[in-house]
Amino acid sequence: MTTPNPTPCWRAFEPSPPAGLSRNDFRLIAPNGFGDGHNSYPHSMAWHKDHLYVGVTRANMCMLKASKIPKRFPFWPVECPDDLYEIDMRARIYRYDPKMGDWREVFRSPMIAGLDGSSIPRDMGYRGMAIFQGESDPEPALYVSTYASARGPGALILRSLDGEEFVPVSKPGLVELPTNSIRTLTPFKGRLFTAPTGRAGGQPNTSGIAVVYESRDPIKGEWHPVNAPGFGDPDNVVVFEMTAFGDHLYAGTGNIRQGYQVWRTRAEGNPPYRWELVLSNGANRGVLNQLVMSFQEFKGALYIGSGIQNGGIDLVNKIGPAAPELIRFYPDGDWQVVVGAPRDSKPATSGYLPGFGNAFNGYFWRMMAHDGWLYMGTFDWSLMLYFANQQLWAERFRSIVHRVGLDRIMERQAGGDLYRSFDGDNWLPVTTDGFGNRYNYGFRVLVSTEHGLFVGAANPFGPRVAVRDGESWAYQDNPKGGLEIWLGRK
């Protein structure tokens, strides 16, 4: 439960806050992966020219099966072919017209020749979006970062003015780096900043290239590094997230030995810029705060959400499972734990332990300020217990299953969480069960607009999902599989 905070007497004269969005204020506007259960992740979302754009990654659970990431499933959760590319893996971009209330697919990845000569999708997913006007752009354009096939030349940055034609404005791998995934796109002081995120071989979140790149004019395809590799620390294996806050650009790393770091720069003069370290050692929690997963400015402070890659359990680096924390950072360098473990005999300001007290929350995945409230979506991996070989999980989780019961966990626990707060300290749940769909295991994107708050749920459990009958398994059609988009408004 949330710990009440003392309220100064002068606050009694403040006007009442606007009502936040509750569960009943949200309606489903895109079910079942836009009618295709292979549409798994709404990896990116942006508001452009009075329309909502959603970048989709396909068949994530089948991509995971084909990767080199260790698995603990006696029967794979989703029906997948032996060859991943028997599925149409071409990434899509969908556009929503809020006035008409309809969706349209506006772009689909082209096919290219892979490194082995086979025909493959150029783009497997669209992991980031941003609105930016470069020096040669006649108006603000929609920029998109891609997730590329391991058989291809690398990830790209795409650009579109009309929201229908998307053209590459970078070389593969950004600058011909060995990276197949780019996550973050951040406009700041007339430049667009990005960083390589992943590489082939089961490393979608640890590129090993912790370098930030900028471009003043992306149309020209020129991207320049602006920091020393890893900020001088070889354990910084990726710059995972960035944001603009006040007069600084903030960059959050993934660090597999000490926990994340947060660096900031004014981006003045010529690159490489002067960077200042403002948080280290995972905000003094260590490697359990492995990655900076999300940033969001809210009422004069920067909120920082953490996570451990691969859903909160990094089997490759033997980190976790552990629930995420929320840190509040101020421009003068002061910071507090809002949701998390006590520090220096001080409890978290919200009264919540990591993950809002939910041990199955693996990420604080995305945050968004909307109409005076801060909203935060989580990734909740409890659904994976249904498919897993439970003898391989840590004793902590076996004891939870034995005590609570697997069916009860699936009924009441499974599904991502969405929370809201008016002051950053007192938090209320909007949903803790994926809006009633346990296959919605996390909320990946949130966008605030005049039409309401759009929320995208990641759901890779379609079109056919594994169902257990005693000791045997079988695949069944799953009408609740595939990503979902929800709209919250009063």
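**The residue A322**

A322 counts as buried because its relative accessibility is 8%, the limit being under 20% relative accessible area with a 1.4 Å probe and protein chains only. This is a predicted model, in which local features need pLDDT of at least 70 and side-chain atom pairs count only at pLDDT 80 or more, while totals for chains, interfaces and linings use all residues. Residues are numbered from 1 along each chain as its sequence is written, and side-chain values use heavy atoms, with hydrogens and water left out.

The loop between α5 and β22 (326–329) contains A322; helices (H or I, at least four residues) and strands (E, at least two) are DSSP runs numbered from the N terminus. Leaving out residues up to four places away in sequence, A322 touches R285, L288, I308, G312, N361 and G362, where contact means heavy atoms within 4.5 Å. G452 lies 130 residues from A322 along the chain, and 33 Å separates their C-alpha atoms.

**Overall architecture**

Eight helices and 32 strands make up the secondary-structure elements of the protein chain. Its C-alpha trace spans about 60 × 60 × 50 Å along the principal axes. Of the 490 residues in the protein chain, 59% are buried. Among contacts with a separation of 6 or more, 58% join residues 24 or more positions apart.

**Strand β17 and T253**

T253 belongs to strand β17, which covers residues 248–255. This threonine is buried, since its relative accessible area is 0%. Apart from residues up to four places away in sequence, T253 touches F231, N236, V238, V239, F240, Y260, Q261, W263, Q290, L291 and V292. The C-alpha atom of T253 is separated by 30 Å from that of F461, which is 208 residues away along the chain.

**Nonpolar cores**

The largest nonpolar core comprises 42 residues, and F387 and F461 have the most contacts inside it. Such a core is a set of buried Ala, Val, Leu, Ile, Met, Phe, Trp, Tyr and Cys residues joined through side-chain atoms within 4.5 Å. At least two of its residues come from each of α2, β16, β20, β24, α6 (384–387), α7 (395–404), α8 (406–412) and β30 (464–469). The element that gives the most is α6, with four residues.

Aside from its neighbours within four places in sequence, F461 contacts M61, P77, V78, L383, M384, F387, Y439, Y441, N478 and G481. A second, separate core has 16 residues, including A155, V211, Y213 and W223.

**Pockets**

The largest pocket holds about 1,200 Å³ of space. A pocket is an open set of points on a 1 Å grid where a 1.4 Å probe fits, with protein on both sides within 12 Å along at least five of seven lines; lining residues have an atom within 4 Å of a point. A volume is the space filled by probe spheres set on the points, which are joined across faces, edges and corners. Lining the largest pocket are 49 residues, of which L64, S67, I69, P204 and N310 are the closest to its centre. Two or more lining residues come from β2 (39–48), α2 (60–66), β20 (291–298), α5 (309–312) and β24 (361–370), and α2 gives the most, with five residues.

The second largest pocket contains about 760 Å³ of space. Its lining has 31 residues, and those closest to the centre are M45, M129, L185, R366 and M368. Two or more residues of this lining come from β2, β8 (125–132), β12 (181–188), β16 (236–245), β20, β24 and β28 (442–449).

Methods: Buried means under 20% relative accessible area, exposed over 50%, partly exposed in between (1.4 Å probe, protein chains only).
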